[in-house]
Amino acid sequence: MKRRLVVVALVLLAVVELVHGDGWRWAPGSRPHSVTITEFGAVGDGKTLNTLPFQNAVFYARSFADKGGAQLYVPKGRWLTGSFNLTSHLTLFLEEEAVIIGTKDPSQWPIVEPLPSYGQGLDLPGPRHRSLINGYNLSDVVITGNNGVIDGQGSVWWDWLHSHELNHSRPHIVEFLHSEEVVISNLTFLNSPAWSIHPVYCSNVKVHNVTIKTSLDAPLTDGIVPDSCSNVCIEDSSISVGHDAISLKSGWDNYGISFGRPTSDIHISRVDLQASSGAALAIGSEMSGGISDIHVDHIRIGSSSKGISFRTTPGRGGYIAEVVVADVVMDSVHLAIEFTGNWSSHPDDHFDPSFLPVIDQITLKNMEGTNISVAGVLSGIEGDPFSAICLSNLNFSIADSAPSSAWTCSNVHGYSELVFPKPCSELHDTSTNSSICFSLSSYSALAVL
């Protein structure tokens with residue numbers, strides 16, 4: 001009885017936070033029905049394979065979908081499993097010291113078709129492995145807990161990638177497709193084979209109070225990847241991974257253009273990020289469906305290869321526009337700000353290089369950095385320059401061993417004010433002013449008040 005009261009209290013606390021804490025537009029209610037994974041024969045010894053118990057438990061929970069939904073409770077233990085699907089109106093709750101562990105047996109990760117906006121898997125042409133925990137065409141789903149853990153045991157997948165022994169692209173830990181009203185909170189995600197949390201073609205998604213970690217040398221391991229999604233909120237989380245900590249995407253070349261679903265209305269706040277070989281915050285390069293209306297604030301970036309990276313290339317089409325990143329603290333970052341128009345990976349040879357992307361109205365403001373090697377490299381596309389790139393109130397302390405040039409720019413236009421070291425001439429042309437900048441002029445007016 002005590003355990004059930006604790007779980008209900010935590011769920012109700014999450015509801016209060018979601019409704020009153022930040023004005024989020026949707027909040028899950030507590031579930032009137034609850035089942036425990038052990039009721040379906042699961043054994044939490046870290047050795048017994050529990051794929052079937054998880055599948056059966058979710059199937060049983062589905063019967064309560066029209067009765068207010070159900071909670072699937074995972075108690076203390078180490079619960080080894082292969083891939084399983086969730087259902088609508090479900091809360092998956094991991095108690096403290098509960099660990100869901102992804103099996104190293106690839107046969108327990110079924111093969112599925114590539115995403116239609118990508119045309120192939122992450123690593124290889126053709127199909128891909130299904131993720132550990134999946135949702136397809138669902139609504140009202142919560143994955144939460146009392147600081148439980150989901151461990152993808154990704155090292156075996158990383159070894160197969162390094163040794164070219166993969167037969168299909170690696171899986172993620174959590175993936176939702178065509179779903180809405182999803183909350184992921186109060187959990188730790190470890191050692192994803194590829195990406196930790198991947199909502200794709202989703203809306204109304206909130207990720208908060210999560211910790212994500214992989215080995216810093218784990219190849220192409222991203223943290224949270226909203227992909228052709230709208231109305232996503234990421235808050236109060238810590239991410240330390242081998243590649244990109246948070247990456248916004250919307251499809252790849254002609255596949256993404258044809259699918260035509262943008263990423264928009266994304267809010268990211270109060271996160272600590274580390275990306276050993278990628279970027280703490282990456283936008284693109286798979287952005288062919290378009291990315292816009294992005295608001296990022298109060299982020300801390302440490303010990304990373306890159307801080308903030310905007311990526312595209314000829315053939316992508318699409319756009320990145322109306323982006324504001326503000327109130328950023330960086331330490332020990334090699335390249336603080338990157339814009340590149342030559343991120344030249346393609347899914348196949350069917351892309352059309354005449355499909356040029358639009359990069360416009362990007363504002364970066366209120367940033368400080370210590371032990372930075374390079375302040376910025378901004379390289380647009382010849383004949384297709386990036387425009388309205390605006391920098392305001394940036395102060396980077398350049399490391400003594402850094403290259404002599406703090407900024408490098410080509411094929412970009414924009415505006416800057418109160419930036420140290422002094423940026424490229426393309427960004428402080430006296431003929432331009434803050435009126436070209438997205439969200440900057442209104443901010444400057446408020447600052448005067």
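**Which cysteine does a disulfide join to Cys390?** The partner is Cys437, with an S to S distance of 1.9 Å. Everything here comes from a predicted model, where local features need pLDDT of at least 70, side-chain atom pairs count only at pLDDT 80 or more, and totals for chains, interfaces and linings use all residues. Residues are numbered from 1 along each chain as its sequence is written, and side-chain values use heavy atoms, with hydrogens and water left out.

**View A. The bridge between Cys390 and Cys437.** A disulfide here means a pair of cysteine sulfur atoms within 2.5 Å, and by that rule the count comes to 2. In the Cys390 and Cys437 bridge, the torsion about the S-S bond is about -85°, so this disulfide is left-handed. Cys390 sits in strand β25 and Cys437 in the loop between β27 and α5, so the pair ties together parts that are 47 residues apart in sequence. Helices (H or I, at least four residues) and strands (E, at least two) are DSSP runs, numbered from the N terminus. Both Cys390 and Cys437 are buried. For the record, buried means under 20% relative accessible area, exposed means over 50%, and partly exposed is in between (1.4 Å probe, protein chains only).

**View B. The bridge between Cys409 and Cys424.** Here the two sulfur atoms are 2.0 Å apart. The torsion about the S-S bond is about 70°, so this disulfide is right-handed. Cys409 belongs to strand β26 (residues 407-410) while Cys424 is in the loop between β27 and α5, so the pair ties together parts that are 15 residues apart in sequence. Cys409 is buried, and so is Cys424. Number the bonded cysteines of the chain in sequence order and you get the pairing 1-4, 2-3.

**View C. A cysteine without a bridge.** Cys202 is in no disulfide; its nearest cysteine sulfur belongs to Cys229 and is 4.7 Å away. Is Cys202 buried or exposed? With 0% relative accessibility, Cys202 counts as buried. Cys233 is buried too, with a relative accessible area of 3%.

**View D. Strands lined up around β25.** Strand β25 (residues 386-398) pairs with strand β23 (residues 358-372) in the parallel sense, over 9 bridges. Two strands pair if DSSP finds at least two bridges between them. To find your place, look for Asp360, which stands opposite Ser387 in β25. β25 also pairs with strand β27 (residues 412-420), again in the parallel sense, over 7 bridges. In that pairing, Ile389 stands opposite Gly414 in β27.

**View E. Two cis peptide bonds.** One of them joins Gly284 and Ser285, with omega about 5°. Ser285 lies in the loop between β20 (279-283) and β21 (291-311). Another joins Phe420 and Pro421, with omega about -5°. Pro421 is found in the loop between β27 and α5 (440-448).

View F. Gln153 isn't a glycine, yet its phi is positive, near 45°. You'll find Gln153 in the loop between β12 (148-151) and α3 (155-162). At 23% relative accessibility, Gln153 counts as partly exposed. Glu322, also a residue other than glycine, has a positive phi near 55°. Glu322 has its place in strand β22 (residues 319-340) and is partly exposed, with a relative accessible area of 33%.

**View G. The largest pocket.** Its volume is about 420 Å³. On a 1 Å grid over the protein atoms alone, a pocket is an open set of points with protein on both sides within 12 Å along at least five of seven lines, and lining residues have an atom within 4 Å of a point. Which residues lie nearest the centre of the largest pocket? Of the 26 lining residues, they are Leu122, Trp195, Lys249, Trp252 and Glu286. The lining divides into 7 nonpolar, 10 polar and 9 charged residues. Domain 1 (29-207) and domain 2 (243-439) each give at least three residues to this lining; the domain bounds come from an automatic or database domain assignment.

**View H. The second largest pocket.** About 210 Å³ of space lies in this one. It is lined by 14 residues, and the closest to its centre are Val112, Arg130, Asn134, Tyr136 and Leu177. The elements that give two or more residues to the lining are β10 (133-136) and β13 (174-177). The largest share, 3 residues, comes from β10.

Notes. On a 1 Å grid over the protein atoms alone, a cavity is a set of points where a 1.4 Å probe fits but cannot get out, and a pocket is an open set with protein on both sides within 12 Å along at least five of seven lines; lining residues have an atom within 4 Å of a point. Grid points are joined across faces, edges and corners, and a volume is the space filled by probe spheres set on the points. Ala, Val, Leu, Ile, Met, Phe, Trp, Tyr, Cys and Pro count as nonpolar, Asp, Glu, Lys and Arg as charged, and the others, Gly among them, as polar.
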